[in-house]
Amino acid sequence: MGEPRVIRVVVVDDQQAVREGLVALMDLLDDVEVAGSAADGAEALALLRRLDRVDAVLMDLTMPVMTGVEATERIVRDHPDVAVLVLTTYADDGSIAGALAAGARGYLTKDAGRAEIGVALRAVVSGQLTFGAGVSGRVASALSGRGGEPDRLPDGLTAREAEVLGLISAGLSNGEIAAELVIAEATVKTHINNAFAKIGVRNRVEALRYAVQHGLGRGLTR
């Protein structure tokens, strides 16, 4: 078996001491290589245009010139193969919902340690969703706060399909969804396949954005 692929990361934070500290921290991870660093979203976009390969961006949210949310939207649009992992001080519903709606695949707070950041980077690069311990419990609340209660479910979704999408957006695996809803895992997969076909998404990251945009986190307790 060959060597594991090295994850090339761009670190984005407007505070120089924090940015340099994160670069040093990432250098301690065997499978992570810092491709560059930036002080705001605009600098990050310029870096991505110049660099040959970037797998992930470790993104702060509150920055001058261009915020992390704005930069994430642009990265998802212009560099769809680059995963954005938010690393920020804030864990309020508005910040979480804004980042997820922009297309971030993960959300950590700055009390996360080196090991947790490393695990999260590997997850988002592989196409998974990931949330820090202090964030996962707030995802449902963040989702439910976006927009008013719809008169009917969008795109012909059934109530169960919408519920499954909400649980996906909260970071639950198929097995965890099955346990939460007290149904078979095969049934969960059927609901996911049907829901994905109806809303026109291909993976959990796209499903997360859809759930945030349509407020499908209502009623979740986790």
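Tutor: Start with helix α10. Its buried residues are Val188, His191, Ile192, Ala195, Phe196 and Ile199. Seen down the axis of α10, they fall within an arc of 130°, so they line one face of the helix. The arc is that of the directions from the helix axis to the C-beta atoms. Note that this is a predicted model: local features need pLDDT of at least 70, side-chain atom pairs count only at pLDDT 80 or more, and totals for chains, interfaces and linings use all residues. Residues are numbered from 1 along each chain as its sequence is written, and side-chain values use heavy atoms, with hydrogens and water left out.

Student: What makes a residue buried, exposed or partly exposed?

Tutor: Buried means under 20% relative accessible area, exposed over 50%, and partly exposed in between, with a 1.4 Å probe and protein chains only. On the other side of α10, Ala186, Asn193 and Ala197 are exposed.

Student: Why do residues three or four places apart point the same way in an α-helix?

Tutor: An α-helix has 3.6 residues a turn, so residues at that spacing point the same way.

Student: What covers the buried residues of α10?

Tutor: The cover includes α8 (159-169), α9 (174-181) and α11 (204-213). Helices (H or I, at least four residues) and strands (E, at least two) are DSSP runs, numbered from the N terminus.

Student: Why is Val182 called exposed?

Tutor: Val182 has 73% relative accessibility, so it counts as exposed. Val182 lies in the loop between α9 and α10. Its phi is positive, near 55°, in a residue other than glycine.

Student: Why is Asp155 called partly exposed?

Tutor: The relative accessible area of Asp155 is 46%, so the label is partly exposed. Asp155 sits in the loop between α7 (139-144) and α8. Asp155 also has a positive phi, about 55°, although it is not a glycine.

Student: Why is Asp60 called buried?

Tutor: Its relative accessible area is 4%, so Asp60 is buried. Asp60 is in the loop between β3 (56-59) and α3 (68-78). Not counting residues up to four places away in sequence, Asp60 touches Val12, Asp13, Asp14, Gly68, Leu87, Thr88 and Lys110. Contact means heavy atoms within 4.5 Å.

Student: What does the UniProt record say about Asp60?

Tutor: The unreviewed UniProt entry annotates Asp60 as "modified residue: 4-aspartylphosphate". UniProt positions are given in the numbering used here, feature names are shortened, and annotations may be inferred rather than shown by experiment.

Student: What makes β2 and β6 edge strands?

Tutor: Six strands form an open sheet in the order β2-β1-β3-β4-β5-β6, with parallel pairing. β2 (32-38) and β6 each pair on one side only. Two strands pair if DSSP finds at least two bridges between them.

Student: How many bridges join β1 and β3?

Tutor: Strand β1 (residues 7-12) and β3 pair in the parallel sense over four bridges. Val10 has Val57 in β3 as its bridge partner.

Student: Why is Thr130 called buried?

Tutor: Thr130 has a relative accessible area of 15%, so it is buried. Thr130 lies in β6 (residues 130-131).
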